[in-house]
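Dear colleague,

I am passing the structure below on to you, together with some notes on what came out of going through it. Please read the notes with the coordinates open beside them.

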Amino acid sequence: MANYACLFDAMVAASQTTTTPRIVLESLLMPRPSSGDLAAVCAPLGLRRIESALCREGIRSIAVHPDRLQDAIGPETRIVGIATGEPLGKGMNSSTMMAIAGGQIWARVFFEQVYAKVKRLAPQASIVIGGPGAWQFSQTQPRDLTILNGYCEGNIASIFRRLLDSPRPLGVIEGDQPADIPGIMGAASMGAIEMSRGCGLGCEFCTIAHVPMRHLPLETIMNDAEANLRGGQRSFSLLSEDFFRYGARGVQVHPEALIDALRQIRKNPAIRLLQIDHVNVSSIAQFSDDELREVHRLLTLGQRHEFLWVNIGVETASGGLLARNGGKAKMAGYHPDDWYGFTQQQMRRLIRAGFFPLVSIVLGLSSEEPRDAELSLRWVQELHDQRMSVFPVMLAPLGPGDSLPRLNRLHWQTVIESYRLNFRWVPRLVWDNERGSGAPAFRSIAAQIIGKSQVVWWNAAFRLKKRRAEG
């Protein structure tokens, strides 16, 4: 619910554990939106969708900042919905940050505090948990909650009506998408605009592996852009699990559809920064060099924006390991033996086109052998001369009985080599993105100071953990 200047700021804040003092997190990394009204100035995009879906069905609702809960709920409140990305700290990023820095992920702490506050202020209310982290609760089958998994604009109203008729918890319910996804009515955190949702490539370690990709029509995208502008957002985050696949049929990309959408968005001169999040390697490969440069030009149009980052899930440099974990569709026909060189080639193409790749590599995939881990380590080392970053993450326990993998010395060496790249480039990326979004200079300077102190601490922690690791 913080009013982040740019998407990367939100990623940094969400990565902090309780080893970062709360006063630092809240005063410097999580800017509070200012408003005298009860309704939140900005809210997570998922909550904005739910707000619109309920309104369309005649159910009165309001998105509220946790600090204003005492003004919004009480003895007459019937239902409280809580959106969360990390309620139990089981996500890949959270697990990795806790393994590196220690402590508990702050996102879980904040969720527990909000949940306790709701129970205290409105003990009679039915509590519905949703958002991208709801899957973590679905593993435990809680008896006192209603858990909504996945996109649920299609059945949220019927679920709320059931709870209004009978307040007994409904357990875990799978969400349903409507034929027409409702446009948002208020500004979204980070100026979020949903381009596509779902993925459907089948990777066994992903929570949306079997959710087919669906592209939002340009009309809805432009509605959401206008809603963000009305709410004061001037930098947008264009969200998709594979940005380059916008308008595609299956995995066959349609560059013209994406380029046209960007041209339409760019018609408003009030927009500062356009940021993106994820792309898939095989989608990069289907764009020509000229098309990649044109997408980069439209995203950075008229801005001093040197670090247009994009997250790419390479997952592992071992094509055989990726295939054994359900990743064949992700390779889009390339042989597992070619995955190593193919992914390096696409990173270099992206960099030449002006992008800054943020590569994620998953440590501890099922059936991983030493030679697989050695390939990922060598892959990182061979790209040390490139303008990019690599973020190794631990495999998340998706099943009820699953546990976190034990990282060995090869894993920790991969972490060390990756963060040599990250410590060189990420401070410049943060400074560039905050300057482009218009963030206050004092916040950018403070973030640089905090980051430098964490570099010292993390370097020492990496080496200590490698010495203590087995294998």
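Valine 362 stands opposite valine 393, the latter in β15. Please keep in mind throughout that this is a predicted model. The strands β14 and β15 are paired in the parallel sense, over six bridges, and they belong to an open sheet of four strands, ordered β12-β13-β14-β15, in which the pairing is parallel. The edges of that sheet are β12 (278-279) and β15 (389-394), and because each has a single partner strand, one side of each is left without a neighbour in the sheet. Lying across β13, β14 and β15 is α17, which runs at about 125° to β15.

There is also an open sheet of four strands in the order β2-β3-β4-β5, again with parallel pairing. Here β2 (79-83) and β5 (171-174) are at the edges, each with a single partner strand, so that one side of each has no neighbour in the sheet. From one strand to the next, the twist averages 25°. Strand β4 (residues 146-149) pairs with β5 in the parallel sense over four bridges, and within this pairing asparagine 149 has glutamate 174 in β5 as its bridge partner. Helix α6 (residues 106-121) packs on the sheet, where it touches β2 and β3 (126-130), and its direction makes about 175° with that of β2. Helix α8 (residues 156-165) also packs on the sheet, touching β2, β3, β4 and β5, with a direction that makes about 175° with that of β4.

Leucine 54 counts as buried because its relative accessible area is 2%, below the 20% cut-off. Leaving aside neighbours within four places in sequence, leucine 54 is in contact with Ile59, Ser61, Ile156, Ala157 and Phe160. The C-alpha atoms of leucine 54 and asparagine 155 are separated by 9.7 Å, although these residues are 101 residues apart along the chain.

Definitions and conventions
Residues are numbered from 1 along each chain as its sequence is written. This is a predicted model: local features need pLDDT of at least 70, side-chain atom pairs count only at pLDDT 80 or more; totals for chains, interfaces and linings use all residues. Side-chain values use heavy atoms; hydrogens and water are left out. Buried means under 20% relative accessible area, exposed over 50%, partly exposed in between (1.4 Å probe, protein chains only). Contact means heavy atoms within 4.5 Å. Two strands pair if DSSP finds at least two bridges between them. Helices (H or I, at least four residues) and strands (E, at least two) are DSSP runs, numbered from the N terminus. Axes are lines fitted to C-alpha atoms, for helices over the stretch in contact, and angles run from 0 to 180 degrees between N-to-C directions.
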